[in-house]
Amino acid sequence: CRWTKPLPSTPLGLVLTASPDGGMATVASIEPGSLASTSSELRPGARLVALAGGGRRLSRPTPQQACDFLCSAKEDVEAVFSPLIDRNGFIVTPEQLATRTPSRSDALRESADVRKWQKRVGSAKAWRAFSQSRPEQYKEKVRRGVPAAVRGRVWMAMAAARAPPGFRVDGLYATLCARRAEEGGR
């Protein structure tokens, strides 16, 4: 986030509190229509990592240090926040994070899913067998979600990142797009 305060007295609309694990400034709330609300990524729960401006830099500030820094700023202030992220990589609020905590049965199901996906991407042969022999099941499983623990390996397999030289065919994408358009875009 980068803010330009028109006047030193201009309120940012940001309420900070101490994080539970060490006093670092954490966003408690954001006033609608304020300067802070202009950042779509900034949500309650985000941690203030650093502030910079006027030749000064402050790392891991407490709420009081952050307030003092922001109130005394007479020019642009750069604020670096670390958003609160759930296990799927989405920016969330503390309330959303609390409601997304998986139950024991969810954790067991995800563990089983991870093992299945690991088998599917364990080798090029296993991936081909899964993706080509049952394309409808493949599409359905990918759309349902790939566990974070194996997502990178699945993306590499889907993109044929480990394919031998000459595997990719020039113009194939354009050909497939044209074929799909002829079929009516299904």
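Helices H3 and H4 sit roughly perpendicular to each other, with their axes crossing at roughly 110°. That label applies because crossing angles of 65 to 115 degrees count as roughly perpendicular. Keep in mind that this is a predicted model.

**The H3/H4 pair**
- H3 covers residues 104-120 and H4 covers residues 124-133, and their axes come within 7 Å.
- On the H3 side, the contact is made by Trp117, Lys119 and Arg120.
- H4 brings Ala126, Trp127 and Phe130 to that contact.

**A nonpolar patch on the surface**
- Val169, Leu172 and Leu176 make up a nonpolar surface patch, and together they have about 260 Å² of accessible area.
- Leu176 belongs to helix H7, which spans residues 172-182.
- With a relative accessible area of 40%, Leu176 is partly exposed, because that category lies between the buried limit of 20% and the exposed limit of 50%.

**The chain as a whole**
- There are 7 helices and 6 strands here.
- Reading from the N terminus, the order of elements is β-β-β-β-β-α-β-α-α-α-α-α-α.
- The chain has 186 residues, and 26% of them count as buried.
- Take the contacts in the chain with a separation of 6 or more: 46% of them are between residues 24 or more positions apart.

Definitions and conventions: Residues numbered from 1 in each chain as written. Predicted model: local features only at pLDDT ≥ 70, side-chain atom pairs only at ≥ 80, totals over all residues. Heavy atoms only, no water. Patch = residues over 30% accessible without salt bridge, like charges linked within 9 Å, V, L, I, M, F, W, Y side chains within 5 Å. Areas by Shrake-Rupley, 256 points an atom, 1.4 Å probe, with all protein chains shown as cover. Salt bridge = Lys/Arg side-chain N within 4 Å of Asp/Glu carboxyl O. Helix = DSSP H or I, 4+ residues; strand = E, 2+ residues; numbered from the N terminus. Buried < 20%, exposed > 50% of the residue type's maximum accessible area, 1.4 Å probe, protein only. Axes fitted to C-alpha atoms, helices over the stretch in contact; angles between N-to-C directions. Parallel < 35°, antiparallel > 145°, perpendicular 65-115°, else oblique. Contact = heavy atoms within 4.5 Å.
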